[in-house]
Amino acid sequence: MNTFYKITFKLFKRPRMKLEEIFTPAKAADINYIERKEIDSLLSSEMSTPGKQIIVFGHSGSGKTSSVRNLLKKNHYVFIRTHCESSTTFEQLILNAFDALNVFVISGKSRKHTSTLKGELALEYNNIKASIGTETTREECNTFSRLLPPQLTPQKLAQFMGEGEIVWLIEDFHKVSSEEKVRIADVIKIFVDNANDYSSSKIICIGACQSAHELIKLDPNLRTRVSEVSVPLLKDEEIKKIIENGFSLLNVVPSQSLVEKLVYYSDRLGAFAHQMCMDICKGEGITHTTLKKQYVNDQSFQYAVDGFIERSSDTLKSIYEAAVKNELGWYILKTFSHNVMDKLSFEEICKRVNNGKVSFKSEQIKEKLEELMSPSFNIIYYNSNSEKYAFSTPFWHRFLRLQFSIEKSEQSRKKRNLHNPNLNLISKDVKYQLVDESMFELIRSLSELRMEIIKK
């Protein structure tokens, strides 16, 4: 930035921020975090309760990690984080947490609001670290894996964290296998007991919907020792704040109708709102806070649509193709598309699928639901408490609404014997027609693909 820009920004006290700092679809929101008083207050209360461990769960993109990370930052908590994948083992989780503690042990290194491990405990840490470095085992494909030394127990790890007043943040723990979840539950109990010596000893597990219930179901003793914090989808007003605040930080002024579209198509997911706004800014060449106000209108929304299709088309095609390999899959998805995020019991699903036109056995429907809930699809999830099924994310409702609207339009055209290839969506949302038309070709191709599969 030239001297004139630097002086001007300084005079008007407007910091020059990067686009990636403001709209963050793939990581926790920081600068553009919108407070959620109920969630923030509940998390703060549970964090101040000695011995209480926390499980935060909700839909992907609902803001779980953002809420937790901002609470920790705001209250100056020291924390380490470990991320789980489907292949993550208990041993890897312990080793990764141990590695993350290294910054608090290195002699002479300190950070604001942090404390370091000292004396005998620091010496013990370094001895364990040395033993990990020398103990490896050869596995298949000529890869090497570190062994968990006998002296590095969950109890010892809890002691290290308790001494340093360090919170352990475990992200996406729902991805690990059931066997590993059982061992994670054991670690949580150890941290509960550890609070007798270290009142700030905490584990915060972040997972998808139902993950808290699954973990407690594995060990009912955790029920009174763990706080289950459900993070709901954001409200439209909260999504609007994310959009308007982010654009304001960039000195960009969106039209009201553009904001309305972004709110509508975010499906109450913060991650979607961040991604669409980022795509719009990139399309308009906005990479930093601008000196002069820049206005963006409805036409700019096309950049959000293009970005969505570019990132999602292949995934959508593959999932949809697999989901509708038989007619039953199509009928089940159509049944759910009429209910937004409402939950349906198994009896309701059977009744709506078999509406007089088809007749599937309950065993067939049950088996198909299990398939649609599997990690390969993740279209539907089951709530064990209410014993009902629902979409895993509201995105599927929006996508399928478009899909079935196209099919209905095609059927109507054929009945009228029209030959116009430019079909019109049957929808009262006229002002949102831009994105509907942009997705038209993609969804129409999926419809044709479904018919080809059924014929086979």
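In which crossing, left-handed or right-handed, does α14 pass α15? Read on, and the section on this helix pair will tell you.

## Getting started

Welcome! This is a predicted model, in which local features need pLDDT of at least 70 and side-chain atom pairs count only at pLDDT 80 or more, while totals for chains, interfaces and linings use all residues. Residues are numbered from 1 along each chain as its sequence is written, and side-chain values use heavy atoms, with hydrogens and water left out.

The protein has 19 helices and 12 strands; these are DSSP runs numbered from the N terminus, with H or I over at least four residues for helices and E over at least two for strands. Of its 456 residues, 48% are buried (buried means under 20% relative accessible area, exposed over 50%, and partly exposed in between, with a 1.4 Å probe and protein chains only). Among contacts with a separation of 6 or more, 74% join residues 24 or more positions apart; a contact means heavy atoms within 4.5 Å.

## The parallel sheet

Look for an open sheet of 5 strands in the order β2-β5-β6-β1-β7, with parallel pairing. At its edges stand β2 (78–83) and β7 (226–230), each with a single partner strand, so one side of each has no neighbour in the sheet. On average, neighbouring strands here are turned by 20° against each other, direction ignored.

Inside the order, β1 (residues 53–57) and β6 (residues 202–207) pair in the parallel sense over 4 bridges. Two strands count as paired if DSSP finds at least two bridges between them. Phe 57 has Gly 207 in β6 as its bridge partner.

The loop between β1 and α4 (64–74) holds Ser 62. With 0% relative accessibility, Ser 62 counts as buried. Leaving aside neighbours within four places in sequence, Ser 62 touches Arg 36, Val 231, Pro 232, Leu 233, Leu 234 and Leu 269.

His 76 sits in the loop between α4 and β2. Its relative accessible area is 46%, so His 76 is partly exposed. The phi of His 76 is near 60°, a positive value in a residue other than glycine.

## The helix pair α14 and α15

Helix α14 (residues 327–337) and helix α15 (residues 346–353) pack at about 110°, with axes 9 Å apart. Axes are lines fitted to C-alpha atoms, for helices over the stretch in contact, and angles run from 0 to 180 degrees between N-to-C directions. The two helices are therefore roughly perpendicular (65 to 115 degrees; under 35 is roughly parallel, over 145 roughly antiparallel, and the rest oblique).

From α14, Leu 328, Tyr 331, Ile 332, Thr 335 and Phe 336 meet Ile 349, Arg 352 and Val 353 of α15. By class, this contact has 6 nonpolar, 1 polar and 1 charged residues.

## The antiparallel sheet

Another open sheet has 3 strands in the order β10-β12-β11, with antiparallel pairing. Here β10 (344–345) and β11 are the edge strands, each with a single partner, so one side of each is left without a neighbour in the sheet. β10 and β12 pair over 2 bridges, and Ser 345 has Lys 388 in β12 as its bridge partner. Helix α16 (residues 362–373) lies across β11 and β12, at about 110° to β11.

Finally, the loop between β11 (380–383) and β12 (388–391) contains Glu 387, which counts as exposed at 53% relative accessibility.

Conventions: Ala, Val, Leu, Ile, Met, Phe, Trp, Tyr, Cys and Pro count as nonpolar, Asp, Glu, Lys and Arg as charged, and the others, Gly among them, as polar.
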